Amino acid sequence: MITALIFAIHLIFALIIFTIKWQEESLAAALLNIGLIGILFSVGWSLTGILAQLIMGPKGFGIYFDRDTFSLSILFIVEIFFYKMYYKDAFTAAGTEKQ
């Protein structure tokens, strides 16, 4: 269930970024940003999966928080900080001056 929630959050975030970039820049820029999100997600999940394998066994902390869910949670936390820095201009309020 936690895994499905993390996937849903990623999908919603990707759709929001796609829409913002398509409206502000172009379709090509929007597709490039979707590709970036997809690549960072897949590579990040692989790396955090290796880290989670070192920390815990396959069963993890229970039925709903196994090793894959743990690695996705680590990835989600890291991505929050990265995307907050990378896309901070995309979420500025309309009418504010960008410096």
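Entry 1, Ile-6. I looked up the burial of Ile-6 and found it buried, at 6% relative accessibility. I take buried as under 20% relative accessible area, exposed as over 50%, and partly exposed as in between, with a 1.4 Å probe and protein chains only. The model is predicted: local features need pLDDT of at least 70, side-chain atom pairs count only at pLDDT 80 or more, and totals for chains, interfaces and linings use all residues. Residues are numbered from 1 along each chain as its sequence is written, and side-chain values use heavy atoms, with hydrogens and water left out.

I placed Ile-6 in helix H1; helices are DSSP runs of H or I with at least four residues, numbered from the N terminus. From Ile-6 I went to Phe-76, 70 residues apart along the chain, and noted a C-alpha separation of 7.4 Å.

I have Ala-4 as partly exposed, at 48% relative accessibility.

A pocket here is an open set of points on a 1 Å grid over the protein atoms alone, where a 1.4 Å probe fits, with protein on both sides within 12 Å along at least five of seven lines; lining residues have an atom within 4 Å of a point.

I listed the lining as Ile-9, His-10, Phe-13, Phe-76, Glu-79, Ile-80, Tyr-83 and Lys-84. Helix H1 (2–24) and helix H3 (67–86) each give two or more residues, and H3 gives the most, with 5. I sorted the lining into 5 nonpolar, 1 polar and 2 charged residues.

I found 1 salt bridge in the structure, where the criterion is a side-chain nitrogen of Lys or Arg within 4 Å of a carboxyl oxygen of Asp or Glu. Lys-21 pairs with Glu-25, and their closest N and O atoms are 3.4 Å apart. Lys-21 is buried, at 13% relative accessibility, whereas Glu-25 is partly exposed, at 48%.

I located Leu-47 in helix H2 (residues 27–55). Leu-47 counts as exposed because its relative accessibility is 56%. I also found Leu-47 in a nonpolar surface patch, whose members include Ile-39, Val-43 and Ile-55.

Terms used:
Patch = residues over 30% accessible without salt bridge, like charges linked within 9 Å, V, L, I, M, F, W, Y side chains within 5 Å. Areas by Shrake-Rupley, 256 points an atom, 1.4 Å probe, with all protein chains shown as cover. Nonpolar A, V, L, I, M, F, W, Y, C, P; charged D, E, K, R; others polar.
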